[in-house]
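Please study the sequence and the structure before reading the solutions.

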Amino acid sequence: MALSIGIVGLPNVGKSTLFNALTDADVLAANYPFATIEPNTGIVPIPDIRLKKLAELYKTDKIVPATVTFVDIAGLVAGAAQGDGLGNQFLSHIRSTNAVCQVVRAFEDSDVQKAGSTDPQRDIEVINTELILADLQTVNNRLPRLEKEAKADPKLKPLLETTQKVKAGLDQGRLASSFLDEDECQAIRDLELLSAKPFLFAYNLSDSQLNNEDMKDKLRKIVSPAPSVFVSAKLESELRGLDEDDRLELLQSYGQKESGLIQLIHAAYSALGLQSFLTAGEKEVRAWTINSGATAPEAAGTIHSDFQRGFIAAQVIKYQDLINAGSESAARAAGKVQTCGKDYVMQADDVVEFRFNV
């Protein structure tokens with residue numbers, strides 16, 4: 001599965017600057033409201049040092065990392081759901097994403113115009129309200145037809161009741177994710193409700209605030225248990241175009257260990273319950289994204305449906321065991337290769353070869 005994240009926020013919070021840095025794109029990031037008119041999409045390889053090491057071990061030049069797609073839309077403002085501003089026109093572009101990342105301004109800069117308040121919590125509430133109102137419009141459009149369909153087909157009654165529950169919760173100003181369980185979310189999945197998606201929060205700080213742990217703790221509590229990351233869009237912009245060593249050196253000079261991209265990906269994987277496994281050989285080494293808890297046949301299905309349909313077994317080596325052994329044959333000789341059946345639950349560091357027959 002491919003990971004996709006929709007980026008939302010008020011105007012001038014650093015959304016487009018961060019998007020440019022994350023995707024190494026060059027979209028307009030201007031200091032006035034609605035600089036982003038059309039939605040911007042960037043597909044980014046997920047950094048994974050394991051792939052390079054496996055490529056060296058298998059003597060292949062082809063490395064295929066997992067990817068994340070970022071979709072940046074125009075800044076939302078209070079009243080967007082009623083047609084104010086431009087962001088509401090593009091909410092449809094992030095309905096199909098896996099998660100929503102709210103970029104929240106926490107820096108102070110008199111040279112940058114500010115929409116909203118000087119309170120990050122209040123700004124988050126504005127965005128949440130607009131997402132709820134947009135979802136309410138979706139549900140209100142769907143309910144009359146569903147009520148008619150349920151009269152003709154009693155099997156649709158549970159779906160109708162769930163949709164009515166969604167309307168009631170949204171009418172109370174609650175995010176759908178706060179009152180729906182997993183089964184209910186699956187039942188109304190085709191509505192693609194924005195407020196039912198997992199949320200991530202990226203606080204945009206000034207460089208001097210990056211090591212202010214007290215401030216970060218306060219900001220983290222505002223959105224807990226949703227994951228938070230703390231980035232400086234300005235610093236992320238400076239990282240663009242640098243090689244790996246120079247990027248690390250610059251990050252460390254600010255007391256940081258990871259770039260905003262890596263932080264966001266970790267947060268997204270955590271929020272969505274995702275992990276990756278690896279395949280390796282002379283033709284290529286590749287990372288694949290799967291749900292945590294996926295079985296070997298399910299993981300095989302991410303490569304090709306035939307792999308899952310005709311699954312026989314999986315040959316599994318732990319990544320570190322393979323690196324320590326120095327080759328697949330040496331790992332096999334050391335008893336580090338495990339033959340796993342249909343019940344095997346995949347682990348994040350598995351290097352796998354699937355056996356199948358169709």
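**Exercise 1: The largest cavity**

The largest share of the lining of the largest cavity comes from strand 5, which supplies four residues. The model is a predicted one.

Task: State which elements give two or more residues to the lining of the largest cavity, and describe the lining by class.

Solution. 
Step 1. The elements in question are strand 5 (99-105) and helix 3 (120-152).
Step 2. The lining consists of Leu10, Val13, Gln102, Val103, Val104, Arg105, Asp123, Ile124 and Ile127.
Step 3. By class, six of these residues are nonpolar, one is polar and two are charged.
Step 4. The volume of the largest cavity is about 40 Å³, and the structure holds three cavities of 30 Å³ or more.

**Exercise 2: The largest pocket**

Task: Determine which residues lie closest to the centre of the largest pocket.

Solution. 
Step 1. The largest pocket has a volume of about 1,200 Å³.
Step 2. It is lined by 38 residues, and Ile46, Pro47, Asp48, Ile49 and Ile262 are the closest to its centre.
Step 3. The lining comprises 21 nonpolar, six polar and eleven charged residues.

**Exercise 3: The second largest pocket**

Task: Identify which element gives the most to the lining of the second largest pocket.

Solution. 
Step 1. The second largest pocket is lined by 27 residues.
Step 2. Helix 5 (182-187), strand 6 (199-204) and helix 9 each give two or more residues to this lining.
Step 3. Helix 5 gives the most, with three residues.
Step 4. The lining divides into 14 nonpolar, seven polar and six charged residues.

Terms used. Residues numbered from 1 in each chain as written. Predicted model: local features only at pLDDT ≥ 70, side-chain atom pairs only at ≥ 80, totals over all residues. Heavy atoms only, no water. 1 Å grid on protein atoms, 1.4 Å probe; cavity = no way out; pocket = protein on both sides within 12 Å on 5 of 7 lines; lining within 4 Å. Points joined across faces, edges and corners; volume = space filled by probe spheres on them. Nonpolar A, V, L, I, M, F, W, Y, C, P; charged D, E, K, R; others polar.
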